[in-house]
Amino acid sequence: MKDLIKPLIISILIWEAKLILAKHKPFIIGVTGNLGKTSTKDAIYAVMKQHFYTRRSEKSMNSEFGVPLTILGEKSGWGNPLKWMVIIVRGVFVIWQKSYPTHLVLEIGADRPGDIKSIASWVKPDITVVTQFGQVPVHIEFFPNRDAVVEEKGRLVEALKENGLFIYNADDHDAKKLLEKTKARKVSIGIHEHADVKATNVKLYGTTIEGTEADVMADGKSNHLVLPEVVGKSPVYCALPALAVARELKISLEVACASLRDADKPKGRMRLLRGMNGSIIIDDTYNASPKATEHGLKTLSEIETTGRKIAVLGDMLELGSHTRDEHYKIGMEASKSCHKLYTVGIRARVIAEGALD
């Protein structure tokens with residue numbers, strides 16, 4: 001019964017979402033890629049929310065359910081048929097309501113081949129942002145290889161409107177492969193390679209280590225970026241697309257950098273916390289990627305502190321046949337980076353095993 005009802009609910013939600021987009025014509029920013037999608041989406045929302053009536057995907061609502069629910073402004077009904085009925089009824093009223101967000105920031109992911117192709121058949125972004133890809137991409141479990149993952153993410157680039165904009169990471173050779181997927185305008189972000197929006201002098205700041213800072217160059221001007229309570233290059237890579245979006249939408253980069261400094265930091269994503277007796281805690285418990293976790297641990301190893309360095313690491317999901325090897329490698333890296341290691345989840349036990357070995 002469940003297998004029959006689920007496709008029906010998805011079809012109705014998508015039908016309503018299509019009507020809403022056709023009626024209200026919001027400016028759509030689609031965020032996909034492999035590393036830091038949710039943090040990038042949240043950063044874009046942070047720089048836009050004071051300037052436009054903006055809605056974003058909540059948490060990681062990026063699936064065939066999550067995308068239409070975001071457009072409807074609803075949360076999941078989970079296994080409750082009555083809740084789904086209420087959501088569907090309210091969706092009809094959204095079509096005709098006068099007030100609707102002028103801008104949508106949609107995170108769009110892929111667990112299986114065809115996921116993004118399906119969404120991109122009816123969601124046409126004005127801006128597509130593609131984040132980094134790891135050597136072992138997350139969500140690779142149901143794909144034949146990493147090239148298939150990259151190809152699927154590229155569907156959102158192909159879906160761009162004719163006058164749209166593709167924001168890509170110049171430091172990532174997989175992201176650059178997607179340039180040929182569209183004739184739309186292109187803007188690059190990066191740290192190492194030449195880029196339209198580039199971060200330099202990325203480093204930790206504060207006598208007791210308070211976060212990460214960098215200088216951002218765009219259009220010949222420099223702006224200072226401060227990201228409290230996070231460590232490493234990964235948060236900077238998530239912030240740069242937000243600054244590229246700000247540049248496109250004529251928001252001052254100085255104002256955008258200030259918005260990112262004051263933005264709420266996502267929990268469990270390379271979060272820097274203060275412990276007792278001068279200790280530093282890195283919380284990376286929310287389904288991280290191997291590459292992002294490795295970046296954070298290497299940064300942790302470089303921190304000078306009088307107290308202990310403590311890492312709290314969680315399961316890295318949907319890695320398929322790479323699951324054991326990637327968790328084990330992270331454990332080996334952790335053994336060189338921290339004094340204490342706590343693991344959360346069944347898969348993360350292998351992180352502890354790698355650290356002990």
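Let's start with K298: at 38% relative accessibility, this residue counts as partly exposed. Keep in mind that this is a predicted model.

What does K298 pair with? K298 makes a salt bridge with E294, and the closest N and O atoms are 3.1 Å apart. E294 is also partly exposed, at 31% relative accessibility. Both residues sit in helix α11, 4 residues apart, about one turn of the helix. In an α-helix there are 3.6 residues a turn, so residues three or four places apart point the same way.

Now the helix itself. α11 covers residues 290-302, 13 residues in total. From first C-alpha to last, α11 reaches 19 Å, close to the 18 Å expected. Its buried residues are P290, A292, T293, G296, L297, T299 and L300. What covers them? The cover includes strands β7, β11 and β12, along with helices α9 and α12.

Take α12 next. Here E333 forms a salt bridge with K336, with the closest N and O atoms 3.7 Å apart. The two are 3 residues apart in α12, about one helical turn. E333 counts as buried, at 12% relative accessibility. K336 counts as exposed, at 60%.

On to α9. E248 and R185 meet in a salt bridge, 2.8 Å from N to O. E248 lies in helix α9 and R185 in strand β6, so this pair ties together parts 63 residues apart in sequence. E248 is partly exposed, at 25%. R185 is partly exposed too, at 42%.

Last, the overall tally. The count comes to 18 salt bridges. There is also a network of salt bridges that links E151, R155, E158 and K181.

Key. Residues are numbered from 1 along each chain as its sequence is written. This is a predicted model: local features need pLDDT of at least 70, side-chain atom pairs count only at pLDDT 80 or more; totals for chains, interfaces and linings use all residues. Side-chain values use heavy atoms; hydrogens and water are left out. The expected span of a helix is 1.5 Å times one less than its number of residues. Buried means under 20% relative accessible area, exposed over 50%, partly exposed in between (1.4 Å probe, protein chains only). Contact means heavy atoms within 4.5 Å. A salt bridge is a side-chain nitrogen of Lys or Arg within 4 Å of a carboxyl oxygen of Asp or Glu.
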